[in-house]
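Could you walk me through this structure in my viewer, one selection at a time? I would like to know what to pick next and what I will find there.

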Amino acid sequence: MPSAPSSAKFRRTQSLHGPSPVTTFGPKACMLKNPKAVMHIQDPASQRLTWNKPPKSVLIIKKIRDASLLQPFKELCIFLTQQKNMIVYVERKIIEDPAIAIESFVSLKKKICTFREDYDDISNCVDFIICLGGDGTLLYASSLFQESVPPVMAFHLGSLGFLTPFKFDTYQSQVTQVIEGNAAVILRSRLEVKVMKKNREKESVEEISLVTNGDKTMHYQVLNEVVVDRGPSSYLSNVDLFLDGHLITTVQGDGVIVSTPTGSTAYAVAAGASMIHPNVPAIMITPICPHSLSFRPIVVPAGVELKITLSHDARNMAWVSLDGRKRQEIAYGDSITITTSCFPVPSICFRDPVNDWFESLAQCLHWNVRKKQSHLSSEEEEF
């Protein structure tokens with residue numbers, strides 16, 4: 001008999017490729033290698049932040065028009081510019097807020113670099129991101145980067161805080177640890193979404209100028225979910241759902257939610273879906289008030305291509321929104337194509353990917369909170 005292999009050779013692998021930790025099966029069989037880029041799923045315990053070079057610049061995303069964040073924002077800017085000698089980027093509309101145009105901010109504003117959304121590209125200028133606010137600030141930070149996203153550190157200064165694990169009380173030590181590369185990271189997958197609008201004669205000259213081959217296609221990166229609904233119409237939504245080119249079903253109801261695992265704890269869970277840990281490579285499809293007792297939410301593998309179109313016999317148009325923004329009408333001939341993006345959001349953890357997630361379930365959603373059952377006494381057990 002062959003000698004027993006060493007235990008080190010068969011220890012748990014640090015990365016998973018698809019559903020199996022190995023891609024070879026026996027002496028001859030293997031999985032066909034994909035020539036395209038394939039998403040590798042790491043062991044959550046191995047996901048640690050590593051800097052190739054010390055970070056020099058940081059983008060601060062602040063919840064706009066929130067007076068309670070002015071003091072934390074000022075303290076953070078002073079700490080990063082004066083004590084850490086970092087270049088700070090802030091969106092111009094935040095600096096132009098009248099509440100910041102006070103005397104105490106004048107000297108600070110001279111040390112801050114500003115940019116404008118949809119005009120200035122800062123993708124190669126920012127080493128990491130700090131969010132001050134609620135979960136919406138993290139969603140907004142994701143929308144600013146259509147490709148590679150810098151690590152995001154999110155402070156809970158908003159209402160819910162499911163995606164913002166850090167408290168601002170000890171921000172100096174926490175930010176210092178991140179700058180030194182001492183932090184765990186959770187990779188939150190995003191959806192790559194293409195909204196194709198059929199060219200129509202009624203469109204203006206400006207709209208036609210954006211058209212390619214007669215159609216206009218818009219690209220988005222979505223962190224939470226894509227929602228297709230019936231909009232203001234009183235009729236049921238009626239859309240066809242395709243998976244890798246095959247018609248899966250027709251959704252008749254108020255609409256459908258296509259979400260990432262991160263988005264499973266947002267709109268999807270409110271519509272009756274399960275909650276999925278962000279490390280699970282999956283896409284969730286959840287109907288909204290379907291007119292069918294058997295239409296339950298389903299989970300499909302990450303990487304498949306979903307396509308949503310308006311059914312030919314639909315009584316009304318549909319509407320689509322992406323992470324609650326960019327809401328637009330979907331008419332006959334239009335289509336929405338959804339797949340897993342190659343550019344996830346590296347979200348910095350307070351402790352680690354598993355503990356942070358369960359802590360959020362308990363603190364924000366009160367998951368499985370109930371009064372505990374009392375134990376039976378020896379006399380009661382006899383009956």
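Start by selecting G181: this glycine follows α5 and has a positive phi, near 80°. Keep in mind as you go that this is a predicted model.

Now step back into the helix itself and colour α5, residues 171–179. Show the side chains of Y171, Q174, V175, T176, V178 and I179, which are the buried residues of α5. What covers them? The cover includes α1, β8, β9 and β23 (345–348).

Of those neighbours, take α1 next, residues 70–83. This helix has 14 residues and runs 19 Å from its first C-alpha to its last, close to the 20 Å expected.

Beyond residues up to four places away in sequence, L76 touches I60, I130, L132, F168, Y171 and V175. Y171 and V175 take you back to the buried residues of α5.

Next, widen the view to the largest nonpolar core, which has 32 residues. Inside this core, the residues with the most contacts are I60, F73, L76, L80, I130, F155 and V175. Two or more residues each come from β5 (57–62), α1, β6 (87–91), α2 (92–95), α3 (103–109), β8 (128–133), β9 (152–156) and α5. Which element gives the largest share of this core? That is α1, with six residues. There is also a second, separate core of 28 residues; select V193, Y220, V226 and I285, which are among its members.

For another stop, jump to A318 in strand β20 (residues 318–322). Is A318 buried or exposed? A318 has a relative accessible area of 2%, so it counts as buried, the limit being under 20%. Leaving aside neighbours within four places in sequence, A318 is in contact with V228, D229, V239, L310, Q328, E329 and I330.

Select L160, V354, F358, L365 and W367, which make a nonpolar patch of about 430 Å². Zoom in on W367, in the loop between α8 (353–364) and α9 (378–381). This tryptophan is partly exposed, with a relative accessible area of 43%.

How values were computed:
Residues are numbered from 1 along each chain as its sequence is written. This is a predicted model: local features need pLDDT of at least 70, side-chain atom pairs count only at pLDDT 80 or more; totals for chains, interfaces and linings use all residues. Side-chain values use heavy atoms; hydrogens and water are left out. Helices (H or I, at least four residues) and strands (E, at least two) are DSSP runs, numbered from the N terminus. The expected span of a helix is 1.5 Å times one less than its number of residues. Patches are made of residues with over 30% relative accessible area and no salt bridge: like charges are joined within 9 Å, nonpolar side chains (Val, Leu, Ile, Met, Phe, Trp, Tyr) within 5 Å. Accessible areas come from the Shrake-Rupley method with a 1.4 Å probe; for residues, only the protein chains shown count as cover. A salt bridge is a side-chain nitrogen of Lys or Arg within 4 Å of a carboxyl oxygen of Asp or Glu. Buried means under 20% relative accessible area, exposed over 50%, partly exposed in between (1.4 Å probe, protein chains only). Contact means heavy atoms within 4.5 Å. A nonpolar core is a set of buried Ala, Val, Leu, Ile, Met, Phe, Trp, Tyr and Cys residues joined through side-chain atoms within 4.5 Å.
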